[in-house]
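Reader: I am new to reading protein models. Could you walk me through one, step by step?

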Amino acid sequence: MSSAILQKLNSDHKNIAKILYCFRAEIKEYEDPEVEPSLTQIMNILDYISTVPERWHHPVEDIVFKRLLEKHPPHSAQIRAVLREHEDLERLTQELKTAFEQVSLDIAVPISHLYKTAHIYLSRQMLHLDAEESVLFPMAEEYLDENDWADIEQEADVILESYDDAARKAYKDLCEEILDFEAE
Ligand SMILES: [Fe+2]
Ligand SMILES: [Fe+2]
């Protein structure tokens, strides 16, 4: 039976993946000159990504993966790469946010470049989830013991303190709004 933290990280991934699919659908609209992508939807998605995964999911993973590195497991280079990627993805989210904000303000932004950047960002996000689910989470399960998980939980509690009921409700509502928009 995997730890409660791993189960939570895995279930976070399900929501993150759904949000990424919505982003892909929205970005795809740039391929059709007849369709106007919704900037509100794109900004909602980037707001969600810069908050739920980046404030409450990545930092908890960082604790797990750093603890895992202390066990000298195989693939340590890949673990380090995933840790670095959290920083890279967070930077890219901010860059995309700025670029789409400029689009919404009618500031000239080369759309084909933005479209390409958004595509690369999406594949990196998807590959990231995949690497964690197929390699890092199973390794954490294998190498970390009960004491490790108890320590990790304590550290994670500090991060998750700000993920209180009000924040949970606000971002659950935002997630639903994003999914509903795409389902229409
Ligand atoms: Fe991650
Ligand atoms: Fe993750």
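Reader: At roughly what angle do the axes of helix 2 and helix 6 cross?

Author: Happy to start there! This is a predicted model, where local features need pLDDT of at least 70 and side-chain atom pairs count only at pLDDT 80 or more, while totals for chains, interfaces and linings use all residues. Residues are numbered from 1 along each chain as its sequence is written, with chains lettered from A and ligands numbered from 1 in the order in which they are written. Helices are DSSP runs of H or I with at least four residues, numbered from the N terminus; axes are lines fitted to C-alpha atoms, for helices over the stretch in contact, and angles run from 0 to 180 degrees between N-to-C directions. The axes of helix 2 and helix 6 come within 10 Å, and their crossing angle is roughly 145 degrees.

Reader: How do the residues of the contact of helix 2 with helix 6 divide into nonpolar, polar and charged?

Author: Two residues are in contact if their C-beta atoms, placed from the backbone, lie within 7 Å. Helix 2 contributes Gln41, Asn44, Ile45, Tyr48, Thr51 and Val52, and helix 6 brings Tyr171, Leu174, Cys175, Glu177, Ile178 and Phe181. Ala, Val, Leu, Ile, Met, Phe, Trp, Tyr, Cys and Pro count as nonpolar, Asp, Glu, Lys and Arg as charged, and the others, Gly among them, as polar. The division is 8 nonpolar, 3 polar and 1 charged.

Reader: Is Leu83 buried, exposed or partly exposed?

Author: Leu83 lies in helix 3 (residues 76–104), and it touches Asp62 and Phe65, not counting residues up to four places away in sequence. A residue is buried if 20 or more other C-beta atoms lie within 10 Å of its own, exposed if 12 or fewer, and partly exposed in between, with C-beta atoms placed from the backbone. Leu83 has 16 C-beta neighbours inside 10 Å, so Leu83 is partly exposed.

Reader: What separation do the C-alpha atoms of Ser38 and Ser104 have?

Author: Ser38 sits in the loop between helix 1 and helix 2. With 14 other C-beta atoms within 10 Å, Ser38 is partly exposed. Ser38 and Ser104 are 66 residues apart along the chain, and their C-alpha atoms are separated by 9.9 Å.

Methods. Helix = DSSP H or I, 4+ residues; strand = E, 2+ residues; numbered from the N terminus.
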